[in-house]
Amino acid sequence: MTLDQPLTSAPANTGKTAISVRGLEKSYHGRPVLKGIDLDVRAGSIVTLMGKSGGGKSTLLRCLNLLEVPDTADMTVLGEQVFFSSRQVLHDLPALRRKIGMVFQKFLLFPHLTAFENITYPQTKVGGRSQAEAEERAVQLLDRVGLRHRGLAYPDQMSGGEQQRVAIARALAMNPQVLLFDEPTSALDPESTKDVLAVMKELAETGMTMVVVTHEVGFARDVSDWLVFMDQGLIAEQGDARQVLESPKNERTRAFLAA
């Protein structure tokens, strides 16, 4: 399995900011979940969000493409203001989500469509591509995630790892500039986890900007540029991924990694 050609036109890590978040707050039924988050994601970098369950990682991730609407935030994505104070200022959400793809924990493939159709369908319905263009792209992407031989399989005929790789291919089909991953391996067995992480590592080599919620410490150490440790809705510690993992300064980070 190889991704020897870039899947997108994602930029190399240039130091430019792809996502900027300031003062992001989010509550559910009066219970604060995110408490004033400040975060910068550089173009071409891999940012990993780690921490205990319930710490706000997935909520933060979903706020980045407005699947969850912040209560308040100053948020810029790919040079465009999308949220300011308590108001969403970007109204073309489909355009935003074409630029920021998302891979979910539970795959969320269409159960009545084959792997091939799952990748083709959004290209024609949302991306405006012709059927021929979409089919060509689907074949290319299935090949690049190692699943060309499974193109006619339905989700319930595939393993969890295969479904997740199809989900990654579907997200890539729209040529996003940023990919968000919400615990992409948490529902997988070790062998499937290995296959999915291999695809993600090779994506990182193409210069794709990625924000990943995960508990995979090895992935964070080997691939991530920046690690953010979240605790109780706050960023408790952030910095160079290897430095944080090897010499955490925050007590809660140390306890989490020790466990």
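**A strand at the sheet's edge**

Mentor: Happy to! Let's start from one pair of residues in this predicted model: glycine 101 has leucine 179 of β8 as its bridge partner. That pair belongs to the contact between β7 and β8 (residues 178-182), two strands that run parallel and share four bridges. Helix α5 packs on the sheet here, where α5 touches both β7 and β8, and the direction of α5 makes about 170° with that of β7.

Now step back to the whole sheet. It is open and has six strands, in the order β7-β8-β9-β3-β10-β11, with mixed pairing. β7 and β11 (234-240) are the edge strands, and each has a single partner strand, so one side of each has no neighbour in the sheet. From one strand to the next, the twist averages 15°.

Along with α2 (93-99) and α5 (160-172), β7 supplies at least two residues of the pocket's lining. The largest pocket holds about 490 Å³ of space. Sorted by class, the lining comprises eleven nonpolar, two polar and three charged residues.

Pro122 leads us on to helix α3 (residues 115-125), where Pro122 is buried, as are Ala115, Phe116, Asn118, Ile119, Thr120 and Gln123.

Definitions and conventions: Residues are numbered from 1 along each chain as its sequence is written. This is a predicted model: local features need pLDDT of at least 70, side-chain atom pairs count only at pLDDT 80 or more; totals for chains, interfaces and linings use all residues. Side-chain values use heavy atoms; hydrogens and water are left out. On a 1 Å grid over the protein atoms alone, a cavity is a set of points where a 1.4 Å probe fits but cannot get out, and a pocket is an open set with protein on both sides within 12 Å along at least five of seven lines; lining residues have an atom within 4 Å of a point. Grid points are joined across faces, edges and corners, and a volume is the space filled by probe spheres set on the points. Ala, Val, Leu, Ile, Met, Phe, Trp, Tyr, Cys and Pro count as nonpolar, Asp, Glu, Lys and Arg as charged, and the others, Gly among them, as polar. Buried means under 20% relative accessible area, exposed over 50%, partly exposed in between (1.4 Å probe, protein chains only). Two strands pair if DSSP finds at least two bridges between them. Axes are lines fitted to C-alpha atoms, for helices over the stretch in contact, and angles run from 0 to 180 degrees between N-to-C directions. Contact means heavy atoms within 4.5 Å.
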